[in-house]
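Colleague: I would like to learn how to read the features of a model like this one, from its overall build down to single residues. Could we go through them together?

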Amino acid sequence: MHGEYKMPGGKLVVADVEVVDGLLRAPRISGDFFLEPDEALEAINAALDGRPAGLEARELAARIERELPRDTVMLGVSAEAIAIAVRRAVTRASDWRDHEWRLVHEPPQEPVLHMALDQVLAEEVGAGRRPPTLRIWEWASPAVIIGSFQSLRNEVDPEGAQRHGVEVVRRISGGGAMFVEPGNTITYSLYVPESLVAGMSFAESYAFLDDWVLGALGELGVRAWYQPLNDITSDQGKIGGAAQKRLASGAVLHHVTMAYDIDAAKMLEILRIGREKLSGKGVASAAKRVDPLRRQTGLPREEIIKRMVGHFRGRYGLAEGTLADDELRAAEKLVGEKFATEWWTARVP
């Protein structure tokens with residue numbers, strides 16, 4: 001069995017292992033990481049040999065750490081990364097390049113339709129009717145998108161939203177509220193089979209699915225990293241946030257909204273910023289929680305998106321695609337039945 005895992009911000013780890021009578025046998029860890037002393041690699045393989053194949057990554061990592069020589073130095077790799085590579089081998093996880101990726105980048109659409117498209121396209125990938133897809137969103141109007149489990153009244157000031165003509169919609173994934181305006185955000189979704197994140201915990205898959213974005217931002221001169229659980233940040237401030245939903249059909253929906261530019265004053269009139277988020281720093285500081293990419297790159301939004309797509313294509317391959325007519329009809333039907341209804345938007349009052 002063969003598994004690979006690139007540690008976010010680190011190096012590639014490769015695990016080749018056999019499973020005999022439910023136990024890991026003859027493990028061989030390799031990769032382009034740095035490890036001292038040489039004996040540490042032997043200790044890692046020995047720590048894995050004979051362990052139950054069903055152990056979770058954290059349990060395997062703990063075993064590795066216990067067996068490492070005291071003076072071990074690991075660069076570009078960690079016990080956790082090695083354990084994830086082993087789990088991906090055992091679960092026969094797929095790799096990015098095992099799939100034929102499609103790009104969907106349609107003209108601006110209404111916020112409520114975007115919510116429905118996320119569900120429909122994820123279900124289509126889960127059913128095998130659509131290949132794994134990267135979708136770039138274009139917004140037809142401003143919106144606040146609240147997480148699946150957020151309280152509507154706690155997150156949104158209805159008077160502020162009405163005053164500024166901002167629609168409030170609820171997505172199917174968890175996480176926090178996002179304020180978006182046409183031209184001011186960069187939003188994308190990944191619709192992937194569960195096999196791509198096999199062997200990973202929910203938390204580990206966040207950074208894994210957005211590692212390409214960090215690479216793209218790096219090429220744009222932005223030193224960005226993943227702040228667990230779901231923030232993309234830089235030394236100049238937060239850039240964006242991710243959310244995820246795993247569907248029973250076997251698909252994973254992973255979407256990210258990054259700030260290109262932002263009207264912070266307007267945002268604060270619409271979103272109720274909680275006291276814990278402010279951490280006692282006062283309302284004025286809330287405007288600094290998100291740092292727009294426009295200022296960090298000096299590039300037009302369209303150019304940033306073009307380079308992001310190019311980076312993804314260079315790493316994993318990406319063919320041009322479009323929405324199928326039946327996918328759009330299914331999404332429009334879901335708008336009327338679910339996403340535009342009061343019962344859904346206010347399901348957590």
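Predicted model: local features only at pLDDT ≥ 70, side-chain atom pairs only at ≥ 80, totals over all residues.

Colleague: How many helices and strands does the protein have?

Modeller: Helices (H or I, at least four residues) and strands (E, at least two) are DSSP runs, numbered from the N terminus. By that reading the protein has 15 helices and 16 strands.

Colleague: What radius of gyration does the protein have, and what would a compact globule have?

Modeller: The radius of gyration is taken over C-alpha atoms, and the globule rule is 2.2 Å times the number of residues to the power 0.38. For 349 residues the rule gives a value near 20 Å, and the protein has 22 Å, which agrees with a compact globule. The C-alpha trace spans about 65 × 50 × 40 Å along its principal axes.

Colleague: What share of the residues is buried, and what share of the contacts joins residues at least 24 apart?

Modeller: Buried means under 20% relative accessible area, exposed over 50%, and partly exposed in between (1.4 Å probe, protein chains only); on that scale 53% of the 349 residues count as buried. Contact means heavy atoms within 4.5 Å, and among contacts between residues at least 6 apart in sequence, 72% join residues at least 24 apart. Accessible areas come from the Shrake-Rupley method with a 1.4 Å probe, and for residues only the protein chains shown count as cover. The protein exposes about 15,700 Å², of which carbon and sulfur atoms supply 50%.

Colleague: What is the volume of the largest cavity, and which residues line it?

Modeller: On a 1 Å grid over the protein atoms alone, a cavity is a set of points where a 1.4 Å probe fits but cannot get out, whereas a pocket is an open set with protein on both sides within 12 Å along at least five of seven lines; lining residues have an atom within 4 Å of a point. Grid points are joined across faces, edges and corners, and a volume is the space filled by probe spheres set on the points. The structure holds one cavity of 30 Å³ or more, and the volume of the largest cavity is about 40 Å³. Its lining consists of Phe179, Val180, Glu181, Asn184, Thr185, Ala259, Asp261 and Ile262. For residue classes, Ala, Val, Leu, Ile, Met, Phe, Trp, Tyr, Cys and Pro count as nonpolar, Asp, Glu, Lys and Arg as charged, and the others, Gly among them, as polar; this lining divides into four nonpolar, two polar and two charged residues.

Colleague: Which elements give two or more residues to the lining of the second largest pocket?

Modeller: The second largest pocket holds about 290 Å³ of space. Among the 14 residues that line this pocket, Tyr5, Pro8, Ala203, Glu204 and Ala207 are the closest to its centre. Helix H3 (79-90) and helix H7 (202-209) are the elements that give two or more residues, and H7 supplies the largest share, four residues. By class the lining has 11 nonpolar, one polar and two charged residues.

Colleague: Where are the cis peptide bonds at proline 37 and leucine 229?

Modeller: A cis bond joins glutamate 36 to proline 37, with omega about -5°, and proline 37 is in the loop between strand E4 (34-36) and helix H1 (39-48). The bond from proline 228 to leucine 229 is also cis, with omega near 5°; leucine 229 sits in the loop between strand E12 (224-227) and strand E13 (231-234).

Colleague: What is the phi of aspartate 21?

Modeller: Aspartate 21 is not a glycine, yet has a positive phi of about 55°; with a relative accessible area of 77%, aspartate 21 is exposed.

How values were computed. Residues numbered from 1 in each chain as written. Heavy atoms only, no water.
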